[in-house]
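Subject: The structure I promised you

Hi there,

Here is the structure I said I would pass on.

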Amino acid sequence: MTYRAPVEDILLSLNYGAGLNEAVTAGHYRAYDAETAAAVIEEAGRFATEVLAPLNRVGDEHGATLKDGNVTTSPGWREAYRNWTEAGWNSLTGDEAFGGQGLPIVLHAACSEIWSAANMAFGLCPLLTAGAIEAIGVHGSDNLKRVYLEKLVSGAWTGTMQLTEPQAGSDVGALRTRAEKQADGSYRLSGTKIFITYGDHDMTENIVHLVLARLPGAPEGSKGISLFVVPKFLVNDDGSLGARNDIYASGLEHKLGIHGSPTCTMTMGDHGGAVGYLLGEENNGMACMFTMMNQARLGVGLEGVGIAERAMQQAIAYARERRQGRAIGKKDGGPDPIIVHPDVKRNLVTMRALTAAARTICYATAVAIDIARESTDENIRTKASARAGLLTPLAKAFSTDIANDVAALGVQVHGGAGFSEETGAAQYIRDARILTIYEGTNGIQANDLVMRKLAADKGAALNDLCAELAAIVARVAASNDPTFGATAARLQDALGSVERASRWLLDKAASAPNEALAGATPYLRLLSLATGGCLLAREALDGRADETLREAATRRASLARFFAEAIVVQSGALEHSIVEGAAALAAADAAFMHDST
């Protein structure tokens, strides 16, 4: 089944669910042109359908290969990447001073969803490059910016993020890669990094690695880590490429999914050490890396939305074609398409509702990031930054959780055919599985939400969000629109659960942090359901004023109702899980986890 970008759904979510139109009207976007944005999304969809989507299966079946320290990508990928850069897709949000187009993050977010839906393994490469651009742009010296940014922005060179080591996964502070300063101001790095996405490939002439390492005598743990720019090929003063640097792909992972994306073991120091250049200040590498990582986390959330959308589209197409059984009450004629059966309908609408909610949460995160960067009002920038910080764990964790849920439902709709690789439905499960793990596991996202984002300002950012969500619920109730059914009541119940659970967690975060952490994951789900449900309702309310999206907004009211009445109703149970789960976990831990068996 061929992927088609859901342009109408994307525009409805962007403009109304995520509040982009409201932000533009308030003056937070400079020279934003809605017609141009819509045209960009349309064209991104066309490129995805014609160029990237046909290579998705190719990448899955052929994968990347490693020989003599060099990685070769799947057939057709080099040409696709060349077409990608020539069309200007890599430079969408880049600084205009370095050849970028200067478009907002939220527009890039919409395109990122489309790339991920068409071919997630391909889209990982520009995702990491965008992070490298961000880190060098914020923390790099003028010389580093001069040497690297124009090439990265254009896509002529790509970037990587190198944190993980065999003994240092989520605990980055345990890394052992060493860096020693040289007389010329550069550094020599030695060590091994694992699970490095696009650590080597043949799509560009150079790769710019951002590598975390420890200097001699540096403090223990994460406070003693520095970040370095380590190019695959050294760059001469005139910008031409020089000698091969001492950093090589020494292994290639054989993975459950995303076969087209090379995941490398990278070795430095076999020939005297890889030449690197300090990014930011010594022993401040984690702060620099998080500049890159936060954008990557939103990007991973958008990968989740893209995979969910692709799995949903295929499941709907299959359910319309596959004939099995008769509709209830039908007494003659042949078998009907399985889409007539209530359980299949439930699965498909659940897939659509979860995907739509995750999409609008991700786009709302991107809007907050844009406002934090672009608003001329310092107070508004500060509040927007707090909103982006609060929503980022939701965007990453909820969107990738539902990607796994939706992909699994897609296989279920296909039945036995879905378990076979021939239909392609199984690939979405295999590709989606990594999303809850990399760029900070979803458990880490939940911990960050509760212990940092919620506790840092004593709930101020959350209170601001909940006030906006409550205003949406009040508007739904005041509309007296029967299409919404019990949406307002169910969303109000969910916000009540959020308020009570948040108070409990704020208290426990200070007095009993282990109890707060035990409830972190269900809390992230609770807040995501309440937020996603309210934003879907806002799409339905506000989108009706848009003549081009009126029909889509009318349909969205029914979807918002389903999400509220069939999914958000889990909120009460999640509240109990948060408040009572810590004691239950402690009892289970005492009973089972220390048993010798």
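**Two loop residues**

Asn480 is exposed, since its relative accessible area is 67%. Keep in mind as you read that this is a predicted model. You'll find Asn480 in the loop between helix 14 and helix 15 (487-511). Its backbone is worth a click too: Asn480 has a positive phi of about 55 degrees, although it is not a glycine.

Lys458 sits in the loop between helix 13 (442-456) and helix 14 (460-479). Is Lys458 buried or exposed? It counts as exposed, because its relative accessibility is 73% and the cut-off for exposed is over 50%.

**Cysteines**

How many disulfides does the structure hold? The count is 0. As a reminder, a disulfide is a covalent bond between the sulfur atoms of two cysteines. Take Cys466: the nearest cysteine sulfur belongs to Cys534 and is 8.6 Å away, and Cys466 is in no disulfide.

Cys466 is buried, with a relative accessible area of 18%. It gets that label because buried means under 20%. Cys288 counts as buried as well, at 0% relative accessibility.

**The second largest pocket**

Now for the empty spaces. Rolling a probe the size of a water molecule over the atoms shows where empty space is left. The second largest pocket holds about 970 Å³ of space. It is lined by 44 residues, and the closest to its centre are Thr93, Gly94, Gly102, Leu103 and Ile105.

Which elements give two or more residues to this lining? They are helix 3 (34-52), helix 6 (105-139), helix 7 (142-154), helix 8 (285-321) and helix 9 (342-374). Helix 6 provides the largest share, with 15 residues. Sorted by class, the lining of this pocket has 20 nonpolar, 14 polar and 10 charged residues.

**Two cavities**

There are 2 cavities of 30 Å³ or more.

The largest cavity has about 70 Å³ of space. Its lining is made of Ile105, His108, Ala109, Ser112, Leu127, Gln295, Leu298, Gly299 and Leu302. Helix 6 and helix 8 each supply at least two of the lining residues, and helix 6 gives the most, with 5 residues. So what is the lining of the largest cavity like by class? It has 5 nonpolar, 4 polar and no charged residues.

The second largest cavity has about 30 Å³ of space. Helix 4 (54-62), helix 6 and helix 12 (425-432) are the elements that give two or more residues here. Helix 4 gives the most to this lining, with 3 residues. By class, the lining of the second largest cavity has 3 nonpolar, 6 polar and 2 charged residues.

Cheers

Definitions and conventions:
Residues numbered from 1 in each chain as written. Predicted model: local features only at pLDDT ≥ 70, side-chain atom pairs only at ≥ 80, totals over all residues. Heavy atoms only, no water. Disulfide = S-S within 2.5 Å. Buried < 20%, exposed > 50% of the residue type's maximum accessible area, 1.4 Å probe, protein only. 1 Å grid on protein atoms, 1.4 Å probe; cavity = no way out; pocket = protein on both sides within 12 Å on 5 of 7 lines; lining within 4 Å. Points joined across faces, edges and corners; volume = space filled by probe spheres on them. Helix = DSSP H or I, 4+ residues; strand = E, 2+ residues; numbered from the N terminus. Nonpolar A, V, L, I, M, F, W, Y, C, P; charged D, E, K, R; others polar.
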